[in-house]
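Please consider the two chains shown below. The paragraphs that follow lead through their folds, the sheet they build together, their contact and the core.

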Amino acid sequence: MTTVSVRYVVNDIDAAIDFYTTHLNFELQMRPNDLFAMLGRGDLRLVLVKPVGPDGPAGGGAPMPDGKMQEPGGWNRFSVEVPDLAGAVEELRSSGARFRNDVVTGVGGKQIIVEDPSGNPVELFEPILTEARLSRPTPSSGQPGR
Amino acid sequence: MTPDPLDAMRLPVMPVEPRPEFAASLLRRLRGELPPVSGRGATVRYFVADLDAAIAFYCHDLGFDEELRPAPSFAMLYHGDLRLLLSVPGAAHAMPDGTLPDPGGWNRIVIQVPDLAAAVDALRVRGARFRHEIVTSVGVRQALLEDPSGNLVELFEPLAGYHERASRGGQ
């Protein structure tokens with residue numbers, strides 16, 4: 001059941017659906033039109049919306065009162081845990097996905113930031129083994145990255 | 001004859017088998033050394049300019065709970081199944097070309113509230129900024145709130161009756 005909702009702004013609904021369902025194990029829940037789709041992955045509900053101008057329909061992609069349109073990008077992101085980060089990166093790279101950085105090994109795990117087709121960041125995270133975690137010098141240093 | 005209900009309390013005390021593995025695991029989890037059980041919950045990371053202001057906003061104004069704050073630049077909050085990681089951008093987040101992440105953008109967490117008008121009023125009294133006030137959309141009313149660093153939080157209230165009829169989320 002999905003209990004946490006996150007909204008991402010994308011330029012192309014179908015390209016985004018393809019990316020998230022093919023590579024990141026999301027399930028398509030609904031796509032009523034080419035402005036909106038809803039995907040699910042575990043407890044995460046990903047709401048995709050395509051920005052519209054002042055003449056567009058009301059909805060999550062509507063412009064602000066001053067006319068400013070929404071757009072993809074930024075740095076805030078959801079994180080998905082993958083069992084094999086290296087394998088996931090390889091698979092995504094071979095499909096042409098863009099990464100913002102290389103794999104970073106933090107105290108709690110390894111992570112990398114991949115971009116969806118509209119340039120939104122997604123954090124891929126692989127927890128470090130429990131054995132490694134137990135060897136940490138400080139008890140509070142096991143959070144998944146800073 | 002009716003048995004005395006208090007008899008249950010007079011039963012001999014049975015020793016409980018100690019489970020060191022369970023205790024050790026619980027201790028690690030309490031210390032934050034173990035991630036939550038895989039598959040449960042969802043994790044979102046927001047970048048903030050001021051960690052104290054962000055924690056005050058999310059915990060006092062939006063009902064999040066502070067779970068961890070192991071460093072001056074990082075905190076972990078919970079809101080239901082949502083785990084919100086707050087990071088102050090620093091060297092650890094720099095991209096290979098030196099670019100640092102910053103707050104803002106349009107992607108956002110979406111939080112349901114029972115009474116949107118009351119929530120917006122209460123937040124405004126406390127000085128919160130809105131990128132847009134309440135608008136009615138498909139099946140919901142929503143507002144776009146900014147945290148102190150300018151990150152977006154979408155608040156919504158389902159329209160009465162819509163979801164029973166359509167059995168789907170808002171657009």
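Chain B contains four helices and eight strands, where helices (H or I, at least four residues) and strands (E, at least two) are DSSP runs, numbered from the N terminus. The model is a predicted one, in which local features need pLDDT of at least 70 and side-chain atom pairs count only at pLDDT 80 or more, while totals for chains, interfaces and linings use all residues. Residues are numbered from 1 along each chain as its sequence is written, and chains are lettered from A and ligands numbered from 1 in the order in which they are written.

From the N terminus on, the elements of chain B follow the order α-β-α-β-β-β-β-α-β-β-β-α. Of its 171 residues, 31% are buried; a residue is called buried if 20 or more other C-beta atoms lie within 10 Å of its own, exposed if 12 or fewer, and partly exposed in between, with C-beta atoms placed from the backbone. Among contacts in chain B between residues at least 6 apart in sequence, 50% join residues at least 24 apart. A contact here requires that the C-beta atoms of two residues, placed from the backbone, lie within 7 Å.

Chain A has three helices and nine strands, arranged along the sequence as β-α-β-β-β-β-α-β-β-β-β-α. In this chain, 42% of the 146 residues count as buried. Among its contacts between residues at least 6 apart in sequence, 49% join residues at least 24 apart.

Helix α1 of chain A spans residues 13-23, and its residues A16(A), I17(A), F19(A) and Y20(A) are buried. These residues lie on the same side of α1(A) because they cover an arc of only 165° around the axis, the arc being that of the directions from the helix axis to the C-beta atoms. The cover over the buried residues of α1(A) includes β2, β3 and β4 of chain A. Just after α1(A), N25(A) adopts a positive phi of about 65°.

Strands of both chains form an open sheet of eight strands with mixed pairing, in the order β2(A)-β3(A)-β4(A)-β1(A)-β5(B)-β8(B)-β7(B)-β6(B). Two strands pair if DSSP finds at least two bridges between them. The edge strands, each pairing on one side only, are β2 (27-33) of chain A and β6 (129-136) of chain B. Neighbouring strands of this sheet are turned by 20° against each other on average, direction ignored; for such angles, axes are lines fitted to C-alpha atoms, for helices over the stretch in contact, and angles run from 0 to 180 degrees between N-to-C directions.

Where do the chains meet within this sheet? β1(A) and β5(B) (residues 108-112) pair in the antiparallel sense over three bridges, and V110(B) in β5(B) is the bridge partner of S5(A). Next in the order, β5(B) pairs with β8(B) (residues 152-158) in the parallel sense over four bridges, with F156(B) in β8(B) as the bridge partner of Q112(B). Five bridges join β6(B) to β7(B) (residues 140-146) in the antiparallel sense, and there H132(B) stands opposite L144(B).

A further link between the chains is made by β5(A) and β1(B) (residues 42-47), which run antiparallel and are joined by three bridges. In this pair, S79(A) stands opposite T43(B).

The contact between the chains takes 45 residues from chain A and 47 residues from chain B. On the side of chain A that touches chain B, at least two residues each come from β1 (4-9), β3 (36-41), β4 (44-49), β5 (77-81) and β9 (121-127). The largest share, six residues, comes from β1(A). By class, this side has 18 nonpolar, 16 polar and 11 charged residues; Ala, Val, Leu, Ile, Met, Phe, Trp, Tyr, Cys and Pro count as nonpolar, Asp, Glu, Lys and Arg as charged, and the others, Gly among them, as polar.

In soluble globular proteins, nonpolar side chains tend to be buried together. A nonpolar core is a set of buried Ala, Val, Leu, Ile, Met, Phe, Trp, Tyr and Cys residues joined through C-beta atoms within 7 Å. The largest such core has 62 residues, of which V6(A), L39(A), L46(A), L48(A), V44(B), L84(B) and L86(B) touch the most other members. β4(A) supplies the largest share of this core, five residues. Not counting residues up to four places away in sequence, L84(B) touches V44(B), Y46(B), Y58(B), F64(B), L77(B) and H79(B).
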